[in-house]
Amino acid sequence: MARWTPSSSDKEEQSVFKHKQNRQRIVQALEEKRASTSNAVFVEHLTVQYVTSKETVAAVNDISFTLPKKRTLGVVGETGAGKTTAMLSLMNMVPDPPGRIVSGDIQVGGLDMRSLSPSELQCVRGQEIAMIFQDPMTSLNPVVTVGEQIAESVLLHQDISKQAAMVQAKAMLAKVGIDPDRAGEYPHQFSGGMRQRVGIAIALACKPSVLIADEPTSALDVTIQAQILHLMRELKEENGASMILITHDLGVVAELCDDVAVMYAGHIVEYGMLEEVFNHTRHPYTEGLFNSLPNIRNRVALLQPIPGLMPDPSKLPRGCAFAPRCSYATDACREQAPDVHHFSDTHTVACTAYRDASFAIKRRDIE
Ligand SMILES: Nc1ncnc2c1ncn2[C@@H]1O[C@H](COP(=O)(O)OP(=O)(O)OP(=O)(O)O)[C@@H](O)[C@H]1O
Ligand code: SF4
Ligand SMILES: [Mg+2]
């Protein structure tokens, strides 16, 4: 008698069944963990490098932070500061090779992201933590309709039929201001702002507890920017989610964020509540960021950009990485890694100058 072998549709069913069983187990564990933790994200001593045959790029260097539930953290800093790499690490999505998480504890909703298996990660991404990528064209699949791309994300996380997932996908499109009848169109048929909305729809389709938005509006004109930011805030509040917003725009941070992390050369150099970082700025680099903003009251005043460039992260200087550009730098700064000073329970600054209790920076007021 011929031996029974599963047909390809049997195999598909078996793998769907296995995926569903796995998902139920993981979702249950996830809910238990989430209920027992007060923080949406906890990161301690995270270090990430990109290692190539030519060099080792020290992209993220020993950063620690905590994001309580329902709060929004703004991450600012110059290009190459390590913002995207740090946030990709939260999703355990640093491209490896050449990237590797060298050390650190990363917990999202109480789950240890570094110890999850690929199938566990598949369940956690999208449902617990999701990311809106900087360039929607590279994150969208050009040969799959936008409706199917949103539905695919729903199907991964819910036990529903393809038709029901498409109904949800269309509802999500409507929510982000796109006519649901366009669900059958491809990404290239949409404008940049609309593609960004599709990216947001995919990220929010499964109501993630933590949403990372990596410069979600930098490629958009100001009107669309305002609409997208408003939309993200609304959807975040509706879902009771926490958010991490990477941006170069301090105005956007002021409008949307509760807490701020200022990154420089892979380090968090200043961290605190919005009011602390904006109104009681302590780090010379944060001072430089504010001083380089245009002064709208006094338009003849010259811009004061931070002189020089961020050091090459494959050749970071020995002491404080900001020392070559810092007007307050001393020999101690050039020799030793900066001390960390706590100005409150929530406001931390990495700067050796505060060894002198009378030290103060000279930030101008924001107009
Ligand atoms: N795949 C990669 N291979 C090698 N180096 C990389 C890779 N991705 C990033 N880097 C390097 O890691 C450092 C941090 O990059 P990252 O993209 O995290 O910075 P960023 O703060 O997000 O910058 P931006 O504001 O330009 O988006 C940079 O020096 C960058 O060149
Ligand atoms: S440690 Fe020194 S060089 Fe670095 S920011 Fe502070 S004052 Fe400037
Ligand atoms: Mg980036």
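This report describes a sheet, a helix pair and a ligand site in a predicted model.

Local features need pLDDT of at least 70, side-chain atom pairs count only at pLDDT 80 or more, and totals for chains, interfaces and linings use all residues. Residues are numbered from 1 along each chain as its sequence is written, and chains are lettered from A and ligands numbered from 1 in the order in which they are written.

Helices (H or I, at least four residues) and strands (E, at least two) are DSSP runs, numbered from the N terminus. Strands pair if DSSP finds at least two bridges between them. An open sheet of eight strands has the order 6-7-8-3-9-10-12-11, with mixed pairing. From one strand to the next, the twist averages 20°.

Strand 7 (residues 210-214) and strand 8 (residues 242-246) run parallel and are joined by five bridges. Ala213 stands opposite Leu245 in strand 8.

Helix 7 (residues 192-204) packs with helix 8 (residues 222-239) at an angle of about 10°, the axes lying 11 Å apart. Axes are lines fitted to C-alpha atoms, for helices over the stretch in contact, and angles run from 0 to 180 degrees between N-to-C directions. The two helices, helix 7 and helix 8, are therefore roughly parallel (angles under 35 degrees).

Around ligand 2 (C-beta atom, placed from the backbone, within 6 Å) are residues including Cys320, Phe322, Cys326 and Cys333.

Conventions:
Parallel < 35°, antiparallel > 145°, perpendicular 65-115°, else oblique.
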